[in-house]
Amino acid sequence: MKKIINFSALLLAVMFGLQQTVMASSHREAPLISNDPLADNTDVYAFKSPTDAEKIVLIANYIPFEHPAGGPNWYSFGTNIRYEIHIDNKTTTTGDDIVYRFTFQQTNQDGTTFFNIRLGKENLKTTYTCERSMNGGVSFTVIKTGGIVPPTDIGPRSINSGVGLNSPTYQALAQAAITTATTGERIFCGPVDDPFFVDLGGAFDVGGFRTAAQGARDGLAKFNCHTIAIEVPVSTLQKDGKTVAQAANILDGEYIIGVWASASRPQITTLSTTGAAPATSGNWVQVSRLGMPLTNEVVIPIGSKDQWNGTNPYTGDLAYASFFTNPELALYMDNSQFGGAVPGLTPLRIQTNSLGSFDFRNGKPGLFSLKGSPALNGTALAEPPAGFGHILLPNNSSPRAVDILPAFYTGVPNLRPYQLATGKGGNPLAAGKPFINNFLPSLSDALRLNMAVPATPRTDPKFSSLGIVQAAVLGLTDPAYNGNANLEFIPNMDGFPNGRRLEDDVTTIELQAVSGVVLAAIGLWYDDFTGGSPVTPQLVNVLSFNAGVIRNDTAFKTSFPFVQNPWRGFTGNSYAAPENPTLGLTLPEGSLLAYPNPFRTSVTFHYKMFAPGDVRIQFYNTSGQVVKEISQGTRPAGLHYVTVDESRLATGIYFARLFVNGKGYKAVQMLKTQ
Amino acid sequence: MRKTRLRRLSKQSLLPVFLFLSQLIFASSHREAPLISNDPLADNTDLYAFRSPDDPNTVTIIANYIPFQLPEGGPNYYTFGTDVRYEIHIKNKTSTAGDDITYRFTFSQINQDPTTFFNIRLGQQNIKTTYICEKSTNGGTSFTTIVPNGTVPPANIGPRSITTAGLGLGAANYNTLVQNAVATATSTEKIYCGPSDDPFFVDLAGVFDVGNFRPEGNTTNPTKDGLARYNVHSIAIKVPISLLQKDGKDVAQAANILDSDFVIGVWASASRRQIKTLGVNGIPTYSGNFVQVSRLGMPLTNEAVIPVGSKDKWNATTPYNNNDLQFAPFFTNPELALYMDSSQFGGAVPSLNDLRIQTRSLGTYDFRNGKPGLYVLKGSPALAGTALDDAIFGTILLPDATSPRAVDLLPIFYTGVPNLAPYQLATGKNNNVLAAGKPFINNFLPTLGDMLRLNMAVPVTPRTDPKFSSLGIIQAAVLGLTDPAYNGSTMLQFIPNMDGFPNGRRLEDDVTTIELQAVAGVALAAIGLWYDDFTGTGSPVTNKLVRTISFKSGPTTNDTTFRTSFPYVQNPWRGFDYTLKARF
């Protein structure tokens, strides 16, 4: 508490910047970055590892809309870009406390082919260096050199066969690329399924949101992106080096981190006139950044999006506060504005007369009528130095400074009124049941995570992609949690916006939040509450709303890096045309083809019969010894296939010969490999 | 007469270059080179040039940019770059060094309502794009503005944005926006710049998995169009032939349907200013000269002919001043040929088993990489008077004993194919490949650079003609060899699809299949250099030839129809509710 009071002094200086605000993952979200895909930071995730309570997983994704079959030059990290993950763990410093910096290098192992992978060689083969700063970027230490970025999962020939990399599975390549830094973090940089999901076609057709039944579809389905994933011990991230076991409780304010990611490019790029790599010089300039999902997609308007990407959040975000305190999205949930024009959001209507008094529509006072009231004493809404009223209740026309702004810019404290209505006895300003504390008041957009909060097992029946919103629902309505105001773990307290899990449906959560669901959770009920159950039809409408697509189009991994392997470009069996006849002036009666070749465990013979006949295939070694004979019986004219398990054979060269009615045809040579 | 002119050309402009020709390679162009794959706004994906089917006194040229546009790719939908110079270059004579006609497009954008994150809202459009078109007819020395304020239609976002009055733009339909955007230049060309369905089709997943081709119709694994349901941005111009022909003639003045005076070479490019400087907020400014960062003439050159080590350089090079000769080895000994050659990697690419290059055509000629091809005829009196005569183009076409494809692939990409022996159909040759045969192509404009070459005198094959084929000139050759309507004489006559790729390029042409067949030697076979299984007697339409011309690389048609009038490309897929189709 004392610490919070100290923070308030720090915050006093910034109150003048707060006049208005807005809300929105980040694929092609701003005009400039939409034309620089390599540097386009699409999503950031930060969550307690479900497999290790003392580890935090940080994931920053880049390069949107990667076509799994996007060859011949498959996507990879850029070599002239600084990719960084920034961590803030205290308010006594003015910028980053920890920075992870990734830089990438590429080489062509065989510049003579247009294929990306051929004969064991890989072009645009990418490796990386990871550096870490523990002093706000003043100095960096290299913690990994020569890190491997796996190739794209092009297809079976490129990845699994001898004409390609000859890897048993793509998973083997992904797994082998997981590395451990000299400082203990585990790191993976490479292509993955894009874990984000949203109905792009609906959302951006002037808010044409639809239900699944109405045709909502995941605009990111079956696209890949490139991920930078790091698994970091809590003790590395906690400001005093403490472990989770040392936390005072599950909402311990000392365990909060703010996370954001960025991409920077050198200030000056000079193109070569001969197609050589461009020359770069000058300082590094931030061209993309992401903390909270969707901020620059649906909160910041187009006139400010590019600047948002270039802004240092610690020093520049107050300029955008008005987009959060009076968010554009709120206009579409307000019948006195454009609410009637956006039927897809009809279930979402902001409180206009909560508790008979409070109007949270854009431009309305919200809780400002309480300004200066003794009733605010002891709450976060009190004036400084005791509270944060200067931030949360800045004026009578910034209604969402009390909920949307802190969700994005400061985190939410475990202070009145930011506790669940459970136990409040109808007074929203009273003490209630704690459900969140990710308060790190740097007044900047960051994904804030309280690392002391336990992970909800992904197999828990109460696990929900609605994150904290669902924790609030359980805390208000589930008899297991709503009988008292005690601090206890409620499932999904580890969900967005307390950090962000891969599963979290942030689009739905943010739309619900703009429509006032957090206000309702703390007792500022919807207009139709008349004193009975606060779970009114309007609240049920909001909680039942979803943005159309509520989960990713594939499963997540159950262990680091949790994101799923990338979609494979080529799926299914390989087509083989009939083998060519041997040289000569007459066509042979039959011909045989073996594939894959080289092979590992099994080989498929493909043979063509020009007339019906009795078929055998003999398999023999370089000494001429028959090691196997396959009898096919009588076969009609046409194409035939047979797949044979040869896993017991030693590696080496073999031959297979087709016999039709006892007559042998040209043998095919095959190579069995490891 | 014509020969005399050719001979003069060969001595004056071609002689110095033959020394460079020792080897060559082969490959639409989406993300085809490392650098440009990271600069989508400037990525020239495809170029088309064809006589307009509904207006045959004009030629339509279409240059597409910005690959893989997801129809619902908001909130910032794709559009042309404002810092990119987009150009279409036309060559119509060999007596000049560079462009004879240049069309240059420059785009501007405004936000009509910067307070929203939506692209279109309440009748206002953000990132609203307009353009200026300038034209030069003196090699770029001076430009005249011919469209001062053209309109680029918005992306086809969905019904709320496009057709809902009040909320969106309230257009009657999207097509109205496209039609309204078709401009008429002061110099009479029709111009359209805007989003369209990507007309290209190819099984990307199959082709680039080290040659895992899935021919259309195969029963093992259905082919997939990797560009299905994607949009591109098109620059389409419909130009009167008299404006493109070097002497201002219209097509009625052509001597015949293969009149050499009606050949044009077309290529397109994108250029950026040399220096980009990021401001403190990441907002760039641009300075310096324009530098070419993307170019495209023949389809797939930089996708599947030029190897990765040279792709970026290719994009920065103009096809003039013999610049392209440094890449000639990639055409005279193309990488793709390795996969159609059982003595190389042929056995490792079973999906190309239908394609096998001639190893002893007519019992003698081996066209596999590194082999002599027709070089064994060098110096033979039999070559006299043919294009292979050193006095004509022999120095180019038969440079040495290890550049077998200098005789077919190189001219297809770098010079066009003349209507001279041996480049005439075998029809009427009586088994002498060097004899005069039936003419089927003349798009010869020997600048020794990669361009899409079109003889504008060749009539249009109606798209409704039962003999219309996406195999272009290959199908014209097949008809000229086998169809009784055409194979009875060596007379020059119109054979359907003589207006198809590589004589220009129509939207329908399956250039991937055509080029693979060409690498497999089908053009050689067409002129009488039959496949190995021709025994000298009987039909030259042998099993190998049938397999080659029956081969399909993947999908053979676009995933939607084309329009029957300018701009011919189809309207873009609508983001809100386009029908899904698997792309991989």
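Student: What percentage of the 584 residues in chain B do buried residues make up?

Tutor: The model is predicted. In chain B, 64% of the 584 residues are buried. A compact globule with 584 residues would have a radius of gyration near 25 Å, and the 24 Å of chain B therefore agrees with that. Along the principal axes, the C-alpha atoms of chain B fill a box of roughly 75 × 55 × 50 Å.

The secondary structure of chain B consists of 15 helices and 14 strands. Ile62(B) stands opposite Ala236(B), which lies in strand 11 of chain B.

Strand pairing also links the two chains. Strand 12 of chain A and strand 12 (residues 263-278) of chain B run antiparallel and are joined by 3 bridges. Here Thr270(A) stands opposite Ile275(B) in strand 12 of chain B.

The contact between the chains takes 87 residues from chain A and 90 residues from chain B. Several elements of chain A each supply at least two residues to the side that touches chain B, including strand 12 (256-270), strand 13 (279-290) and helix 7 (302-310). Helix 7 of chain A gives the largest share of that side, 6 residues. By class, the side of chain A that touches chain B has 38 nonpolar, 39 polar and 10 charged residues.

Notes:
Residues are numbered from 1 along each chain as its sequence is written. Chains are lettered from A and ligands numbered from 1 in the order in which they are written. This is a predicted model: local features need pLDDT of at least 70, side-chain atom pairs count only at pLDDT 80 or more; totals for chains, interfaces and linings use all residues. Helices (H or I, at least four residues) and strands (E, at least two) are DSSP runs, numbered from the N terminus. The radius of gyration is taken over C-alpha atoms; the globule rule is 2.2 Å times the number of residues to the power 0.38. A residue is buried if 20 or more other C-beta atoms lie within 10 Å of its own, exposed if 12 or fewer, and partly exposed in between; C-beta atoms are placed from the backbone. Two strands pair if DSSP finds at least two bridges between them. Two residues are in contact if their C-beta atoms, placed from the backbone, lie within 7 Å. Ala, Val, Leu, Ile, Met, Phe, Trp, Tyr, Cys and Pro count as nonpolar, Asp, Glu, Lys and Arg as charged, and the others, Gly among them, as polar.
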